[in-house]
Amino acid sequence: MNFTGIIIGASVFLMIGFFHPIVIKAEYWFGTGCWPAFALVGAGTLAASLLVADTIVSTLLGAFAFSCFWSILELFQQKKRVEKGWFPANPKRKKVQ
């Protein structure tokens, strides 16, 4: 039996669940200005996925990288959700953006 697909599928499922609250908290505390951090981490894990020989680890690093990239889009979508009043805005953060 080959558990590779189940391991990757379950791990990606957990990554998606992991990134959802991170995007919400990142927008609350830092606004959309923190998008370069997601891009940098994504680029780093994407590069790491190219260097790892193990198929499962390489795949998970790649999935993590693209989850970071997708989080950039979600960060800007979260800003719109906050503007609509669906999520609370951080009252301590200046509205510079």
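These legends describe close-up views of aromatic rings in a predicted model.

**View 1. Phenylalanine 19 meets phenylalanine 64.** The structure holds four aromatic pairs. In the pair of phenylalanine 19 and phenylalanine 64, the ring centres are 5.2 Å apart. The planes stand at 55°, so this pair is tilted. An angle over 60 degrees would count as edge-to-face, and one under 30 as stacked. The two partners come from distant parts of the chain, 45 residues apart. Phenylalanine 19 sits in helix α1 (residues 4-30). Phenylalanine 64 sits in helix α3 (residues 55-83).

**View 2. Buried or exposed: how do phenylalanine 19 and phenylalanine 64 sit?** Phenylalanine 19 has a relative accessible area of 7%, so it is buried. Phenylalanine 64 has a relative accessible area of 23%, so it is partly exposed. The cut-off for buried is under 20%.

**View 3. Phenylalanine 66 and phenylalanine 69 form an edge-to-face pair.** Their ring centres lie 5.4 Å from each other. The angle between the planes is 85°. Both residues belong to helix α3. They are three residues apart, so about one helical turn separates them.

**View 4. Accessibility of phenylalanine 66 and phenylalanine 69.** Phenylalanine 66 is exposed, because its relative accessible area is 51%. The cut-off for exposed is over 50%. Phenylalanine 69 is partly exposed, with a value of 27%.

**View 5. An aromatic cluster.** Which residues form one aromatic cluster? They are Phe18, Phe19 and Phe64.

Conventions
Residues are numbered from 1 along each chain as its sequence is written. This is a predicted model: local features need pLDDT of at least 70, side-chain atom pairs count only at pLDDT 80 or more; totals for chains, interfaces and linings use all residues. Side-chain values use heavy atoms; hydrogens and water are left out. Rings of Phe, Tyr and Trp (its six-membered ring) pair if their centres lie within 6.5 Å; planes under 30 degrees apart count as stacked, over 60 as edge-to-face and the rest as tilted. Helices (H or I, at least four residues) and strands (E, at least two) are DSSP runs, numbered from the N terminus. Buried means under 20% relative accessible area, exposed over 50%, partly exposed in between (1.4 Å probe, protein chains only).
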